[in-house]
Amino acid sequence: SKIIAVSKTFELSHIQPLIDYGHLTYGENKVQEAKGKWGGLLETNDNIELHLIGGLQTNKSKDAVKLFKYIHSVDREKLVDTLSAAEKNLNLKRKYFLQVNTGDEEQKSGISIERIEDLYDYAKKKLDIIGLMCIPPVEEDSKKHFEILRELSKKLNLNELSMGMSHDYIEAGLCGATYVRVGSKIFGERS
Ligand SMILES: *Cc1c(COP(=O)(O)O)cnc(C)c1O
């Protein structure tokens, strides 16, 4: 799997050694934070690949498309529309994951398992959807959710799977993750 180094909450000075070492793939969960932190660096270093892994409000679509080469949190038709409009407006093409709420948790973003096929049918006409993403419920064994996501991706014929964090990335890798999102194991605990 590819490792997305999740640098949310950390300042660039804390991340810089990993950039200098040559790691190019980073994850952030907030558009505004990412803009302040990475905006300048992206202008001079086009090799850096930012992934948006947090929920996205439609009114931030344009900023998100500008900053992130990959967006993992597409979970509704309205957002597909605003992202597609932003791509046209900026003349940019990005890659996207559909986020699935595999645990059917009320407070969590992501499309339900029942609606994923409909969303995919809609989204694939407007955006380059490359895979699925999930965040398993904290109190449950992640494996079950990784397997659900893998089966869904097979069914939809999608190749990429974004799953696994610091506490379960090994499990995710074994279940076929192509991207793992690792924060605290790399940068230390967040305050
Ligand atoms: C913060 C975050 C991660 C990384 O979490 P760690 O436990 O620090 O590895 C992964 N995915 C998402 C969606 C996150 O918000």
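This is a predicted model: local features need pLDDT of at least 70, side-chain atom pairs count only at pLDDT 80 or more; totals for chains, interfaces and linings use all residues.
The protein chain contains eight helices and eight strands. Its radius of gyration is 16 Å. The globule rule gives 16 Å for 191 residues, so the chain is as compact as a globular protein of that length. Along the principal axes, the C-alpha trace spans about 40 × 40 × 25 Å. Of the 191 residues, 48% count as buried. Contacts across the sequence were also examined. Among contacts between residues at least 6 apart in sequence, 56% join residues at least 24 apart.

Helix α5 takes part in two helix pairs, one with α4 and one with α6. Helix α4 covers residues 77-90. The axes of α4 and α5 come within 10 Å and cross at roughly 20°. An angle under 35 degrees counts as roughly parallel, and α4 is therefore roughly parallel to α5. The crossing of this pair is right-handed. On the α4 side, the residues that meet α5 are Glu77, Val80 and Asp81. On the α5 side, Leu119, Tyr122 and Ala123 meet α4. By class, this contact has four nonpolar residues, two charged residues and no polar ones.

The second pair joins α5, residues 116-123, with α6, residues 142-156. Here the axes come within 11 Å and cross at roughly 45°. The two helices are therefore oblique to each other. The crossing of α5 and α6 is right-handed. From α5, the residues in this contact are Ile116, Glu117 and Tyr120. They meet Leu152, Lys155 and Leu156 in α6. The contact of α5 with α6 has four nonpolar and two charged residues, and no polar residue.

Loop residues were considered next. Two of them, Asn91 and Asp104, have a positive phi without being glycine. Asn91 has a phi near 55°. This residue sits in the loop between α4 and β5, a strand that covers residues 95-99. For Asp104, phi is about 50°. Asp104 lies in the loop between β5 and α5. With a relative accessible area of 61%, Asp104 is exposed.

Arg94 gives another view of the loop between α4 and β5. The relative accessible area of Arg94 is 12%. Neighbours within four places in sequence are left aside in the contacts of Arg94. The remaining partners are Val65, Lys66, Phe68, Lys69, Glu87 and Asp128. One of these, Glu87, falls within the 77-90 range of α4. Val80, a residue of α4 that meets α5, is 14 residues from Arg94 along the chain. The C-alpha atoms of Arg94 and Val80 are separated by 12 Å.

Terms used. Residues are numbered from 1 along each chain as its sequence is written. Side-chain values use heavy atoms; hydrogens and water are left out. Axes are lines fitted to C-alpha atoms, for helices over the stretch in contact, and angles run from 0 to 180 degrees between N-to-C directions. Helices (H or I, at least four residues) and strands (E, at least two) are DSSP runs, numbered from the N terminus. Angles under 35 degrees count as roughly parallel, over 145 as roughly antiparallel, 65 to 115 as roughly perpendicular and the rest as oblique. A crossing is left-handed if the near helix is turned anticlockwise from the far one by less than a right angle, and right-handed if clockwise. Contact means heavy atoms within 4.5 Å. Ala, Val, Leu, Ile, Met, Phe, Trp, Tyr, Cys and Pro count as nonpolar, Asp, Glu, Lys and Arg as charged, and the others, Gly among them, as polar. The radius of gyration is taken over C-alpha atoms; the globule rule is 2.2 Å times the number of residues to the power 0.38. Buried means under 20% relative accessible area, exposed over 50%, partly exposed in between (1.4 Å probe, protein chains only).
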